[in-house]
Amino acid sequence: MVHYWYYPDYLEKKCSQRTQSQVVYSNMYKAFPNVNHKPLNLILDGGNIMLCGDVIVMTDKVITQNINYSRGQIIQMISDVFECDILFLPCNKSNKFGHVDDMIQYLDNNKILLTSDSNMSSTYYQEIKKTLERKFEVIPLKYNVKKKHKRDWSHINFLQVGNTVFIPCLNIPEDR
């Protein structure tokens, strides 16, 4: 179980919504005493960590949020804790959360499902796709709707348990 600092910049103005990491961590140690706990002294966000086979995929927002460490130190710390390679996707200003779980979903056999290109600028989409193609076969998620919804990106953030897939729905045409 990896413990990190949850202190996202997108909640800076909503201090009451912040999670007190120290309290959560101490409770986790108590709740799971027989689990191997690994501290990671970095600011991270759970939506920015995705295990894709034997590679952790995350946006490079982790670099900009942890200014007390060099890029090399951050890479080493993450590699040591997760014991695998890391692939950083670029994060731009339009991706205020810096999450990968709203851009990709790991399928299997080194295949990545990439959100619709309508959810980001063409240049940014191509940059993400090119970066992913270094390690994975990329399958673009496509759907045609008359009117695009601003949160249709949420469909990529699904959960698969066995043969069941849970897909976030917003009661919009893209849900189909």
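C91 counts as partly exposed, at 24% relative accessibility; here buried means under 20% relative accessible area, exposed over 50%, and partly exposed in between, with a 1.4 Å probe and protein chains only. The structure is a predicted model, in which local features need pLDDT of at least 70, side-chain atom pairs count only at pLDDT 80 or more, and totals for chains, interfaces and linings use all residues. Residues are numbered from 1 along each chain as its sequence is written, and side-chain values use heavy atoms, with hydrogens and water left out.

C91 also belongs to the lining of the second largest pocket, together with D9, Y10, D60, K61, T64, N92, K93, N95 and K96. A pocket, on a 1 Å grid over the protein atoms alone, is an open set of points with protein on both sides within 12 Å along at least five of seven lines, whereas a cavity is a set of points where a 1.4 Å probe fits but cannot get out; lining residues have an atom within 4 Å of a point. Grid points are joined across faces, edges and corners, and a volume is the space filled by probe spheres set on the points. On these terms the second largest pocket has a volume of about 200 Å³. Its lining divides into 2 nonpolar, 3 polar and 5 charged residues, where Ala, Val, Leu, Ile, Met, Phe, Trp, Tyr, Cys and Pro count as nonpolar, Asp, Glu, Lys and Arg as charged, and the others, Gly among them, as polar.

Another cysteine, C84, is buried, with a relative accessible area of 16%. With a disulfide taken as a pair of cysteine sulfur atoms within 2.5 Å, the count comes to 0 disulfides. For C84, the nearest cysteine sulfur is that of C52, 9.6 Å away.

The protein chain holds 4 helices and 10 strands, with helices (H or I, at least four residues) and strands (E, at least two) taken as DSSP runs numbered from the N terminus. From the N terminus on, the order of elements is β-α-β-β-β-α-α-β-β-β-α-β-β-β. Of the 176 residues in the protein chain, 37% are buried. Among contacts (heavy atoms within 4.5 Å) with a separation of 6 or more, 66% join residues 24 or more positions apart.

Y106, in strand β6, illustrates pairing across the sequence. The C-alpha atoms of Y106 and L51 are separated by 7.8 Å, although these residues are 55 residues apart along the chain. Leaving aside residues up to four places away in sequence, Y106 touches M50, L51, C52, G53, K111, I112 and F136.

Helix α4 (residues 122-132) carries the buried residues Y124, Y125, I128, T131 and L132. Seen down the axis of α4, these buried residues fall within an arc of 130 degrees, so they line one face of the helix; the arc is that of the directions from the helix axis to the C-beta atoms. In general, an α-helix has 3.6 residues a turn, so residues three or four places apart point the same way. On the other side of α4, S122, T123 and K130 are exposed. The cover over the buried residues of α4 includes β4 (55-59), β5 (85-89), β6 (104-106), β7 (111-114) and β8 (137-140).

Inside the model, the count comes to 1 cavity of 30 Å³ or more. The largest cavity holds about 60 Å³ of space, and its lining consists of P8, Y10, I43, L44, D45, N48, K61, V62, Q65, F97 and G98. Both β2 (38-44) and α2 (61-65) supply at least two residues of this lining, with α2 giving the most, 3 residues. By class, the lining of the largest cavity has 6 nonpolar, 3 polar and 2 charged residues.

One of these lining residues, N48, sits in the loop between β2 and β3 (50-52). N48 is buried, with a relative accessible area of 4%. Not counting residues up to four places away in sequence, N48 touches V57, M58, T59, V62, G98, H99 and V100.

Two further asparagines deserve a look for their backbone. Most residues other than glycine have a negative phi. N109, in the loop between β6 and β7, has a positive phi near 50 degrees and is exposed, with a relative accessible area of 64%. N110, also found in the loop between β6 and β7, has a positive phi of about 60 degrees and counts as partly exposed at 36% relative accessibility.
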